[in-house]
Amino acid sequence: MARNRSQSSGGPSGPRPDRGKSTDQVEAPAGGKALPERRPAKLACRNVWKLFGSDAKRFLKRHDYAPTAEQITQAGLIGAVQDANFDVAEGEIFVIMGLSGSGKSTLVRCMSRLIEPTAGETFFDGQDLQKTPEKELIDLRRHKMGMVFQHFALLPHLTVLHNVAFPLEIQGVDRRTREARAREVIELVGLKGRERYYPRELSGGQQQRVGLARSLSVEPEVWFLDEPFSALDPLIRREMQDEFLRLQNMLQKTIAFITHDFDEAIRLADRIAIMKDGVIEQIGTPENLVTSPATDYVAEFTKEVSRAKVLSVRSIMESATEATSPQDAVSAAAKIEQVAARVFDQETPVPVVDAEGRLVGVLTREAVLKVLVRRPEP
Ligand SMILES: Nc1ncnc2c1ncn2[C@@H]1O[C@H](COP(=O)(O)OP(=O)(O)OP(=O)(O)O)[C@@H](O)[C@H]1O
Ligand SMILES: [Mg+2]
């Protein structure tokens, strides 16, 4: 697939590049904003490059901001992030996934400008972070961004309470206020009663909850989570994902979440960006990636995914007849997995309604069977 390396575009409402087109353009109303439900962009990346190695800036300029992967390698550089372009809408869970070394952590660090991009712009609430003075940037990070790093460490000599209150202490918040807030978020992550424990007295999953609580203590607007559950065994990991979704339901943060686990990504994501060797191969909803993979790599990546978990009723429903009654209908937005048993419980096709309860189609057993029984590869 041809790579688009165009360097067009300006601020967060600038034109979009080819990659990521599939979702954004499907969802975009003609001429309108390309974000789900037209929510404003909370975070944005425009033509972001991060090349590690000497003289990277000049190298990029010399190649007109469009070097090939071969040219990057030949120059002895590492193309950790190459021409990343996307928006994250307010309240969205944007998952970045890819194999180890594909550039996920580097990309997210560029988004908070913890790492200086070699080229391109990153925006927070429309504010160009490249033009933001360092002091203001530190303030922004302290007050509006919550971060959980990939190999985060709790402070071993501090109790749970003091670990969680620590970011507020750095902000200069008085003791009473910061401890009250810390108790609140400790309860939120399900660790009430453990305030006086030390990290070594907690399980891995509990420590990760403390890490999440600590990143939430400052009431961030944006939450950057770099593989927060990767150290956990599968059962606890699932619990943490549920916990995370429960929290997000209440808090409605804007979230950039890194994982290399596609099952985790489809459980959590509004949209997923798939990275390979520093390049974002595609951005889309889980359903979008599975049904219309933009590259062979994305197709390969999504091959093993349970389609019943990802596909919605809407994507396989058929037209209703005039005689169809909307009684005992299923929702068009529901996933096949959620409604399969119901469809097999009755002889006739099941009516499908939209969010307003209007009849929009029917779901047949045959259609559901086709999803459940994977056809052999041609
Ligand atoms: N400070 C650095 N100096 C040089 N190369 C670096 C640096 N940081 C990262 N890289 C390289 O950039 C590439 C992307 O690294 P990054 O840490 O972003 O990957 P990742 O997708 O987060 O991987 P993982 O899943 O293992 O955490 C890798 O090839 C890595 O070796
Ligand atoms: Mg990483």
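A residue is called buried if 20 or more other C-beta atoms lie within 10 Å of its own, exposed if 12 or fewer, and partly exposed in between, with C-beta atoms placed from the backbone. Keep that scale in mind at each stop.

**Before you start**

This is a predicted model, in which local features need pLDDT of at least 70 and side-chain atom pairs count only at pLDDT 80 or more, while totals for chains, interfaces and linings use all residues. Residues are numbered from 1 along each chain as its sequence is written, and chains are lettered from A and ligands numbered from 1 in the order in which they are written.

Show the whole protein as a cartoon. The secondary structure comes to 16 helices and 13 strands. Helices (H or I, at least four residues) and strands (E, at least two) are DSSP runs, numbered from the N terminus. Of the 378 residues, 40% count as buried. Contacts tell you about the chain's reach: among those between residues at least 6 apart in sequence, 67% join residues at least 24 apart. Two residues are in contact if their C-beta atoms, placed from the backbone, lie within 7 Å.

**Stop 1: helix α4**

Select residues 104–111, which form α4. Eight of the eight residues of α4 are buried. Click through Lys 104, Ser 105, Thr 106, Leu 107, Val 108, Arg 109, Cys 110 and Met 111 to see them.

Now step past the helix end. Arg 113 follows α4, and its phi is positive, near 55 degrees. Arg 113 is not a glycine. Its place is the loop between α4 and β4. Arg 113 has 17 C-beta neighbours inside 10 Å, so it counts as partly exposed.

**Stop 2**

Select residues 41–52. This is β1, and 11 of its 12 residues are buried, so the rest of the structure largely encloses it.

β1 and β2 pair antiparallel over eight bridges. Two strands pair if DSSP finds at least two bridges between them. Find Val 48 and look across to Ala 84 in β2, which stands opposite.

Five bridges join β4 to β1, and the two run antiparallel. Here Ala 44 stands opposite Phe 123.

Follow the chain from β1 towards α2 (56–62). Asp 55 sits in the loop between them. Its phi is positive, about 65 degrees, although Asp 55 is not a glycine. Asp 55 counts as exposed because it has 12 C-beta neighbours inside 10 Å.

**Stop 3: helix α7**

Select residues 175–188. At 1.5 Å a residue, the 14 residues of α7 should span 20 Å, and the end C-alpha atoms are 20 Å apart, which agrees. The expected span is 1.5 Å times one less than the number of residues.

Which residues of α7 are buried? Arg 178, Ala 182, Val 185 and Ile 186 are. They cover an arc of only 105 degrees around the axis, which puts them on the same side of α7. The arc is that of the directions from the helix axis to the C-beta atoms. Turn to the other side of α7 to find Arg 176, Thr 177 and Ala 180, which are exposed. Just after α7, Gly 190 takes a positive phi of about 80 degrees.

**Stop 4: α6 against α8**

Show α6 (160–171) and α8 (204–216), against which the buried residues of α7 pack. α6 and α8 also pack on each other, at an angle of about 35 degrees, with their axes 7 Å apart. Axes are lines fitted to C-alpha atoms, for helices over the stretch in contact, and angles run from 0 to 180 degrees between N-to-C directions.

Select the meeting residues. Val 160, Asn 163, Val 164, Phe 166 and Pro 167 in α6 meet Val 210, Ala 213 and Arg 214 in α8.

**Stop 5: the three-strand sheet**

An open sheet has the order β11-β12-β13, with mixed pairing. β11 (330–331) and β13 (359–363) are the edge strands, each pairing on one side only.

Select residues 350–353, strand β12. β12 and β13 pair antiparallel over four bridges, whereas β11 and β12 pair in the parallel sense over two bridges. Centre on Val 352. Gly 361 in β13 stands opposite Val 352, and Val 352 is also the bridge partner of Val 330.

Finally, look at both faces of β12. Val 350 and Val 352 make the covered face, and Pro 351 and Val 353 the uncovered one. In a regular strand the side chains alternate between the two faces of the sheet.
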